[in-house]
Amino acid sequence: ACCLANLALTHKTYQLETNSTLTMGRFINLILAAAPLTVSGFSVPNGEVVSRRESFAKAASVIGGTIAAGGLVMPSAASATVTDETPIVTTRQGGLLEKYQDSRGWKIMAPSGWNGFDGEVGAYDKKWQDLVDPFDNIKLSSTPVKSTTTSIDILGPVEEVGASLAGKRDAKLIAALERQTEGILFYTFDFALNDGTHQLLLLCVHKGKIWSLDASTREKRYSKRKELYYNVLGSFMPKLS
């Protein structure tokens with residue numbers, strides 16, 4: 001297990017429905033501890049073995065699942081503030097994406113033709129996996145939080161949260177972005193893991209839940225997946241209206 005005693009974000013608190021209160025340092029510690037540094041995996045559908053390459057996805061499951069307009073939306077770190085409104089992504093990207101609306105109250109532009117899996121307890125709410133290369137996958141998870149928790153910024157500034165997630169995880173933080181879409185604050189992180197995985201992670205809070213959406217691929221394939229993955233993350237909305 002990773003030791004995070006030196007994390008700077010130790011004064012924020014994160015409250016779960018169990019009425020327990022976690023310091024920010026403890027929250028990040030749980031995230032990192034959720035995925036061991038060794039490649040010792042756990043089982044998911046189709047016999048796939050999950051290891052460090054899904055560290056941030058598995059991390060989100062500790063907190064509750066996997067917690068963690070039109071065209072490509074990839075804001076830069078120096079762009080808009082959280083008060084600026086960024087349109088939701090609606091592009092079908094030439095047929096690579098299709099609308100998906102879930103009766104549980106969320107919507108997304110999902111990869112066309114990928115295998116879809118409904119929730120696995122303690123792992124995710126929904127998962128999409130490439131038919132050709134199962135290593136390429138996108139997972140969504142959620143967990144209840146106290147009604148007084150209304151925004152992901154309770155975790156702290158986006159850059160510091162990203163650095164804390166990357167630190168001790170054998171990962172390089174490529175980008176830590178924040179945007180506001182339809183009144184909801186989203187944190188997006190771009191990680192390059194030293195095991196050859198590239199991963200995007202999105203976090204937000206809405207209607208009493210913290211949502212985690214992560215997209216993973218091999219580093220050598222990331223240039224081909226980058227646009228697709230950013231569009232998927234930019235299309236997610238934890239409400240239907």
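In what order do the seven strands of the open sheet lie? In this predicted model, the order is E7-E8-E9-E13-E12-E11-E10, and the pairing is antiparallel. Strand E7, residues 115-120, and strand E10, residues 171-181, form the edges, each pairing on one side only. From one strand to the next, the twist averages 15°. Strands of a sheet pair through backbone hydrogen bonds, in either a parallel or an antiparallel manner. The chain as a whole contains four helices and 13 strands. Of its 241 residues, 55% count as buried. The accessible surface of the chain amounts to about 10,400 Å², with 52% of that area belonging to carbon and sulfur atoms.

E7 is joined by five bridges to strand E8, residues 124-129, and the two run antiparallel. Within this pair, Phe-117 has Lys-127 of E8 as its bridge partner. E8 in turn is joined to E9 by four bridges, again with antiparallel strands. Here Trp-128 stands opposite Ile-138 in E9.

Is strand E9 largely enclosed or largely open? Seven of the eight residues of E9 are buried, so this strand is largely enclosed by the rest of the structure. Part of the setting of E9 is helix H4, residues 222-235, which lies across E9 (137-144), E10, E11 (184-193), E12 (197-206) and E13 (209-218). The helix runs at about 165° to E13.

In soluble globular proteins, nonpolar side chains tend to be buried together. The largest nonpolar core in this model has 28 residues, and those with the most contacts inside it are Ile-108, Ile-138, Leu-213 and Phe-236. At least two residues of this core come from each of strand E6 (106-111), E9, E10, E11, E12, E13 and H4. The most is given by H4, with six residues. A second, separate core holds 18 residues, including Leu-155, Tyr-187, Leu-193 and Ile-210.

Ile-108 illustrates the surroundings of a residue in the largest core. Leaving aside neighbours within four places in sequence, Ile-108 is in contact with Glu-98, Lys-99, Tyr-100, Trp-128, Leu-213, Val-232, Ser-235 and Phe-236. Two of these partners, Leu-213 and Phe-236, are themselves listed with Ile-108 among the residues with the most contacts inside the core. Trp-128, another contact of Ile-108, is the residue that stands opposite Ile-138 in E9.

Thr-217 belongs to E13 and is buried, with a relative accessible area of 0%. What does the side chain of Thr-217 make a polar contact with? The partner is the side chain of Asp-136, at 2.7 Å. Apart from neighbours within four places in sequence, the residues in contact with Thr-217 are Phe-135, Asp-136, Gly-196, Thr-197, His-198, Tyr-222, Arg-225 and Tyr-229.

Helix H3, residues 158-166, contains Glu-159. At 44% relative accessibility, Glu-159 counts as partly exposed. Beyond its neighbours within four places in sequence, Glu-159 is in contact with Leu-173 and Ala-176. The C-alpha atoms of Glu-159 and Thr-188 are separated by 9.9 Å, while the two residues lie 29 residues apart along the chain.

Two loop residues complete the account. Gln-93 lies in the loop between helix H2 (55-63) and strand E5 (97-102), and its phi is near 50°, a positive value in a residue other than glycine. Lys-207, in the loop between E12 and E13, likewise is not a glycine and has a positive phi of about 50°. Which of the terms buried or exposed applies to Gln-93? With a relative accessible area of 16%, Gln-93 is buried, because the cut-off for that term is under 20%. Lys-207, by contrast, counts as exposed at 69% relative accessibility, since that term requires over 50%.

How values were computed. Residues are numbered from 1 along each chain as its sequence is written. This is a predicted model: local features need pLDDT of at least 70, side-chain atom pairs count only at pLDDT 80 or more; totals for chains, interfaces and linings use all residues. Side-chain values use heavy atoms; hydrogens and water are left out. Two strands pair if DSSP finds at least two bridges between them. Axes are lines fitted to C-alpha atoms, for helices over the stretch in contact, and angles run from 0 to 180 degrees between N-to-C directions. Contact means heavy atoms within 4.5 Å. Buried means under 20% relative accessible area, exposed over 50%, partly exposed in between (1.4 Å probe, protein chains only). A nonpolar core is a set of buried Ala, Val, Leu, Ile, Met, Phe, Trp, Tyr and Cys residues joined through side-chain atoms within 4.5 Å. Accessible areas come from the Shrake-Rupley method with a 1.4 Å probe; for residues, only the protein chains shown count as cover. A polar contact is a pair of N or O atoms within 3.5 Å; within protein, one must be able to donate a hydrogen and the other to accept it, and residues adjacent in sequence count only if both atoms are side-chain atoms.
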